[in-house]
Amino acid sequence: GTNVTSISAAAYLKIAQDYAGTGAASRAQLLAAAALFSENKFAEAAELYRKYRDENPESPFASTASLGIAASLEAQNKIDDALQAYQAMTTSYPNAAEIEAAKMGIAR
């Protein structure tokens, strides 16, 4: 609906801290990265996306984190780094649902 409330990155990070080592903590970390991106904290978002991907390389959300890294770099106007991250994402996760978004990032 139109009354969607957003949850702050800090709230997600608290969940990740309180439930460290669980699947919920891992997911909260990824959601915190997305919240940071929404809060225009792109460098922090990239760092958290990278941490998630590195700690969860086999997760079905690792491709989401990789796309988040690239988008965060692009939002910081780090175009060459973003391009490399988008290309790495398409190579590492060629069958991911996010592949078209990565290709659009490369095209931009």
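Tutor: A residue is called exposed when its relative accessible area is over 50%, buried when that area is under 20%, and partly exposed in between. Please keep in mind that the model is predicted.

With a relative accessible area of 60%, Arg-108 is therefore exposed. This residue forms a salt bridge with Glu-74, and the closest N and O atoms of the pair are 2.7 Å apart.

As a general principle, side chains of opposite charge can pair when their charged atoms come close. The protein chain carries 9 positive and 12 negative side chains, and the centres of these two sets lie 2 Å apart. The number of salt bridges comes to 5, and two further examples deserve attention.

One of them joins the side chains of Glu-100 and Lys-103, with a distance of 3.8 Å from N to O. Both residues lie in helix H6, where they are 3 residues apart, about one turn of the helix. Lys-103 has a relative accessible area of 44%, so this residue counts as partly exposed.

Another salt bridge links Lys-41 with Glu-39, and here the closest N and O atoms are 3.5 Å apart. Lys-41 is partly exposed because its relative accessibility is 37%. Glu-39, at 32% relative accessibility, also counts as partly exposed.

Asn-56 is found in the loop between helix H3 (42–55) and helix H4 (62–75). Leaving aside residues up to four places away in sequence, Asn-56 touches Ser-26, Gln-29 and Ala-62.

The protein chain has 6 helices and 0 strands. Its radius of gyration is 14 Å, close to the 13 Å that the globule rule gives for 108 residues, so the chain is as compact as a globular protein of that length. Along the principal axes, the C-alpha atoms fill a box of roughly 40 × 30 × 30 Å. Of the 108 residues, 38% are buried. The accessible surface comes to about 6,500 Å², and carbon and sulfur atoms account for 53% of that surface.

Note on methods:
Residues numbered from 1 in each chain as written. Predicted model: local features only at pLDDT ≥ 70, side-chain atom pairs only at ≥ 80, totals over all residues. Heavy atoms only, no water. Helix = DSSP H or I, 4+ residues; strand = E, 2+ residues; numbered from the N terminus. Rg over C-alpha atoms; globule rule 2.2 N^0.38 Å. Buried < 20%, exposed > 50% of the residue type's maximum accessible area, 1.4 Å probe, protein only. Areas by Shrake-Rupley, 256 points an atom, 1.4 Å probe, with all protein chains shown as cover. Lys, Arg positive; Asp, Glu negative; His and termini not counted. Charge placed at Lys NZ, Arg CZ, Asp CG, Glu CD. Contact = heavy atoms within 4.5 Å. Salt bridge = Lys/Arg side-chain N within 4 Å of Asp/Glu carboxyl O.
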